[in-house]
Amino acid sequence: MKRLNNLYYSKRIKELLAELQTAGTTLVVAPMGYGKTLAVQYFLQEQERCGKKVLRQSIYGAGAEAFWQGVCHSWQNTELGAALLQQSLPADANAKTLVLELFRQLLPQEPVYWFIDDLHLLESSEVIDFLFALSKVGFADLHLLLVSRGQIFDGSRLLELGRKVFCLDKHDLALQRDELAEYSSRCGLQLTAQQLDALHEACEGWFSVTYLNFLNYDRYQRFCLDTGSVYEMIANVLLRPLPSEQQRLLLLMGQPEEFTPEQVAYAYGTSCRESVGRLLECNAFIIRLANGRLRCHHMLKQATRHAFGLLPEAEQQMYFRRLGQWYAQQKEYEEALDWLYRGRDFDGLLAAVQQLRDWSMHPQHRQHLFDWLCECPPEILWQYPQAVLIIMRRMFSLNMVPEMLQVKEWYVTALERNTALSQRERDNYYGELEVILSFLAFNSITGMSEHHRRAYKLLSGAPQTLSKQGIWTFGAPSVLGLYLRTGCSLRQTVEDMQECMPPYYLLSGWHGAGAAELTEAEALLLQGRIDEMDMPLQKAYYQAEKHGQECITICCDFLEMQRDLFRGVYSSKAEAYSRHQWQLQPWKQSMLLNTADMCAGFYYALLGKPECIPSWLTDGNGQQPSVLYPARPCRNYISAQCLLAQGQYTELLVRWSDWEQECRPYSNFLCLLYLQVQRAAAFAGRGDVTSCRASLKQALAMAEADKLVLPLAQNIALLRPYLEQEAQGEYSAAAAAALHLGQQMEAGRGQIMSARFAEAGLQELTEQELQIAQLAAARHTNREIAQRLSLSEGTIKQYLNKIFAKLQIDAAAKNKRHQLERFFSNS
């Protein structure tokens, strides 16, 4: 009796697969048709029989978002899965660190085998970076099994992983001559030694081609050893010999990534369960999945899709339409969309969209988003205003603003033409439209508020377009960095925020709570009114914590860090941020870790501790962690301050034009002011007096009207002599105020450095340096020290520069020896 569809695993293969039990990560890399997936599935079925936990994930497209959806689906019904749903694919170091910490804390306390198939279909380096990071950590109970046609990790990464990774390739999986003989015997074929030799030489152990030859030999008593294409073999052996009904059914099986027999029968349109059953029994290229569904092997899928494309267009559309209707009936609306569009069923498509209020969107939908509405007959479009609204929301998130404005006109027309709507429904739709249009007014507080107020009057409930869980600040640590648009507008901006935020709180359920109070506190800090900012800052903390607005809380921390520099108080929060102490900062959004880095980096830049600055803030390699686009100007001025602290003046000037341009689209005036001050400081650091004075004059002109002296004061070390000159000139008030505030900051910084870092700094000094430092602290001149130690004055000066650097004493400060004296008194 022939048993051609029986799977065969030799003793050698079973021994290799047994190694997977001890490997942290297994890479199975071989061309298509070598039985990669089947071999791993065989191993996993054995593990399941032993009670082990197995997770399976298949890759069906190139997108990173679809991959992450698959990750979350794989881990569903676990505590880890619930936490991963709150994240996106980690695209930077902070996000990776957070996700790896979630794995460390929440992995089930039992062995887990996580199988990810067809990684070659991905076009995302971020996915591979994440899988490498996961493999490198090497969690004891997690076994990662990665399958691909092509290389997964490059040679350097494989070397770095060492014994943490186990590799199988096509030479391991290929059938050897004796295994081919045993396989043919188990299938019930009686082959001669000559036939086996010829088959092994032609197929080179290629499992799928061997199987196709067995089928052909069983049917025609000959092998297909001279075929030019495996797809042609599949068509000749598996497709063309079938009756017409079974051919159509097999073509339909190849269209979805996964399918059920009921789905195929529905798409075909008549009762054909027996024909479907016979197909499944006699085709080993149809694989049964752990979720109960089936899928065609990629080779069969490609062959069937090619043949399907040769059918008449009307017939193709009919089948596509039925597949879409099947998904919609199963409430798999996202899966239904593309099939309904390809089947030209716009009525069904828009009905499905209306079910997707929290639509995450598959990558292929982005390509067709505008096409759906352009190609939809108007009489159908007008019946679905809610669907048009949902598509508009997605267009804004994809920065499709021109298309969005065009769709707005269709949306209004749809509302007016839809006579079935009640007045209340119509008002709610118009209210939702106002919420969406408010984003187009960013960063005009009053402009956005006009839309919010109209929406509040129209809506009968909470809008569907806003989420309290979203990051109100877009990842920026400064509210005025986002919303201060022009000079001479600071007071008006504060008042606008205080007037406009309460209606927005009512509309959104307290999204961004504390922002109004925070804006007032930040304005006072920028003007150097340190003691006046405490009350609004505490109010902002209270509101943000009461309503769970973590992004506002971190902005409060950013102000507090800067304020405490003037008071000589070291910020423990900056230390917690820089160390990412998870027990103190259990943030759900990884973007806030990047915000924390910006806060800590800016603080340590001002404190004069450049070694504590997160490296990504100054790398400039294009791989900076993500913040949303509106927050990039804030990130840029913080990076500039970090470069100044590191003495990278030329690097700052090289990047300055790009940073300045990124402030223009939303008129980020405060960020522009910081960059202008930092440009002047960089010129000062390079000794370019003329350029420094020109840039400083521009900065003073920008700062004077609203008395925004904080950026100038924070760069006092490099700008002092130039500010002293300007204090006698056109911008005397702003320059004098900046000098006074800068002196306060230097005093506070010196107090922190001497109190917190004195002992550690002194321990770094050599015996000779310590002796010179003690004499200098006792107010001996360089000449006196040189005479006492029989050294030259030049040598003493060099020693003192090293000492000041080790003790983090600002080399440009006038009171260096006074600070040195305080080091010894505090240590």
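**Helix pair, buried loop residue and sheet**

Biologist: Is the crossing of α36 and α37 left-handed or right-handed?
Modeller: In this predicted model, local features need pLDDT of at least 70 and side-chain atom pairs 80 or more, while totals for chains, interfaces and linings use all residues. Residues are numbered from 1 along each chain as its sequence is written, and side-chain values use heavy atoms, without hydrogens or water. A crossing is left-handed if the near helix is turned anticlockwise from the far one by less than a right angle, right-handed if clockwise. The crossing of α36 and α37 is left-handed.

Biologist: How are α36 and α37 oriented to each other?
Modeller: The axes (lines fitted to C-alpha atoms over the stretch in contact, with angles from 0 to 180 degrees between N-to-C directions) of α36 (residues 669-686) and α37 (residues 689-704) come within 8 Å and cross at roughly 155 degrees. Helices are DSSP runs of H or I, at least four residues, and strands of E, at least two, numbered from the N terminus. Angles over 145 degrees count as roughly antiparallel; α36 and α37 are therefore roughly antiparallel.

Biologist: Is Asn 418 buried or exposed?
Modeller: Asn 418 lies in the loop between α23 (401-417) and α24 (423-438). Beyond its neighbours within four places in sequence, Asn 418 has contacts (heavy atoms within 4.5 Å) with Trp 382, Gln 383, Pro 385 and Arg 426. Because its relative accessibility is 5%, and buried means under 20% (1.4 Å probe, protein chains only), Asn 418 counts as buried.

Biologist: Which are the edge strands of the open sheet?
Modeller: The order is β2-β3-β4-β1-β5, with parallel pairing (at least two DSSP bridges between strands). Those pairing on one side only are β2 (53-58) and β5 (165-168).

Methods. Angles under 35 degrees count as roughly parallel, over 145 as roughly antiparallel, 65 to 115 as roughly perpendicular and the rest as oblique. Buried means under 20% relative accessible area, exposed over 50%, partly exposed in between (1.4 Å probe, protein chains only).
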